[in-house]
Amino acid sequence: MSVVEPRMERPDVSPESRAAVEDFLYDEAEILDTWQLEEWLTLFEPGATYHIPSTDRPLGDPETSLFLVADDWIRIQARVKRLLSRNAHVENPQSRTRRIVGNVRVKAGPEPDTLAVAAAFAIYRMRYELTDIFIGRYEHILAVGDDGRLRFRHRKAVLDLDALRPAGKVSIIL
């Protein structure tokens with residue numbers, strides 16, 4: 001039996017930054033669970049992206065692989081508008097969801113004033129007396145504004161599921 005040794009090197013970011021990122025992710029979870037999707041949009045910087053790769057190609061590139069979601073900023077806004085309209089039959093009435101986010105890891109990002117964030121998630125979706133569970137990991141790039149405010153530059157949810165059964169689709173924001 002092997003024992004995982006704790007990492008002793010210094011983290012790339014301060015404990016304050018890590019706490020701020022955790023609060024940001026927890027706030028986002030609450031915003032999504034309460035269907036405050038217009039407020040959710042304010043968590044993104046213009047030009048941001050939102051991706052969910054297919055379950056069989058989690059390391060795929062949206063340019064060459066099929067993705068469940070490969071939204072640019074315009075499509076993110078359109079997704080929110082559609083989900084909030086009565087024409088989103090798949091989410092009318094809206095599902096109830098409960099998100100659990102944990103194992104948050106924060107490193108310096110690929111560009112100045114960005115943070116690379118990894119976290120685990122479990123999302124429970126309840127609708128019509130059925131419960132679907134989406135389990136996976138987040139791989140985000142957060143931009144740190146001049147005011148210290150965090151915003152998504154790139155939001156990615158990678159599912160650990162082998163398939164999307166029994167739901168068969170992702171109709172909520174992961």
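Reply: What follows takes up the helices, the salt bridges, a surface patch and some backbone angles in turn.

Me: Before that, what sort of model is this, and what are the ground rules?

Reply: This is a predicted model, in which local features need pLDDT of at least 70 and side-chain atom pairs count only at pLDDT 80 or more, while totals for chains, interfaces and linings use all residues. Residues are numbered from 1 along each chain as its sequence is written, and side-chain values use heavy atoms, with hydrogens and water left out.

Me: Fine. What span should helix α1 have, and what are its end C-alpha atoms apart?

Reply: Helix α1 has 19 residues (15-33), which at 1.5 Å a residue should span 27 Å, and its end C-alpha atoms are 27 Å apart, in agreement. The expected span is 1.5 Å times one less than the number of residues. Helices (H or I, at least four residues) and strands (E, at least two) are DSSP runs, numbered from the N terminus.

Me: Which residues of α1 are buried?

Reply: Val21, Phe24, Leu25, Glu28, Ala29, Ile31, Leu32 and Asp33 are buried in α1. Buried means under 20% relative accessible area, exposed over 50%, and partly exposed in between (1.4 Å probe, protein chains only).

Me: And what do they pack against?

Reply: The buried residues of α1 pack against α2, β3, β4, β5 and β6. Contact here means heavy atoms within 4.5 Å.

Me: How about α3, which residues are buried there?

Reply: In α3 the buried residues are Trp73, Ile76, Arg79, Val80 and Leu83. They lie on the same side of α3, because they cover an arc of only 120° around the axis. That arc is taken from the directions from the helix axis to the C-beta atoms.

Me: What covers them, and which exposed residues does the face turned away carry?

Reply: The cover includes α2 (37-41), β1 (44-53) and β2 (67-71). The face of α3 turned away from the buried side carries the exposed residues Ile74, Arg75 and Lys81. As to span, α3 has 12 residues (73-84) and should reach 16 Å, and its end C-alpha atoms are 17 Å apart, which agrees.

Me: Changing topic: how many salt bridges are there?

Reply: The count comes to 12 salt bridges, each being a side-chain nitrogen of Lys or Arg within 4 Å of a carboxyl oxygen of Asp or Glu.

Me: What does Arg153 form a salt bridge with?

Reply: Arg153 forms a salt bridge with Glu111, and the closest N and O atoms are 2.5 Å apart. Arg153 lies in strand β6 (residues 150-159) and Glu111 in the loop between β3 and β4, so the pair ties together parts that are 42 residues apart in sequence. Arg153 is partly exposed at 26% relative accessible area, and Glu111 is partly exposed at 42%.

Me: Asp132 and Arg125 also pair up; are they buried or exposed?

Reply: Asp132 is buried at 9% relative accessibility, and Arg125 is buried at 10%. Their side chains meet at 2.9 Å, N to O.

Me: Which residues are linked in a network?

Reply: Arg137, Glu139, Lys156 and Asp160 are linked in a network of salt bridges. Within it, the closest N and O atoms of Asp160 and Arg137 are 3.9 Å apart. Asp160 lies in the segment after β6 and Arg137 in strand β5 (residues 130-144), so this pair ties together parts that are 23 residues apart in sequence.

Me: Where is Lys156, and what does it touch?

Reply: Lys156 is found in strand β6 and is buried, with a relative accessible area of 13%. Not counting residues up to four places away in sequence, Lys156 touches His51, Pro53, Pro58, Arg137, Tyr138, Glu139 and His140.

Me: Now the surface. Which residues make the nonpolar patch?

Reply: Ile100, Tyr124, Ile133 and Ile135 make a nonpolar surface patch of about 330 Å². Patches are made of residues with over 30% relative accessible area and no salt bridge, with like charges joined within 9 Å and nonpolar side chains (Val, Leu, Ile, Met, Phe, Trp, Tyr) within 5 Å. The areas come from the Shrake-Rupley method with a 1.4 Å probe, and for residues only the protein chains shown count as cover. Tyr124 is found in strand β4 (residues 114-127) and is partly exposed at 31% relative accessibility.

Me: Last topic: where is Asn103, and what is its phi?

Reply: Asn103 lies in strand β3 (residues 96-108) and has a positive phi of about 50° although it is not a glycine. Most residues other than glycine have a negative phi. Asp113, in the loop between β3 and β4, has a positive phi of about 60°. Asn103 is exposed at 65% relative accessible area, and Asp113 is exposed at 57%.
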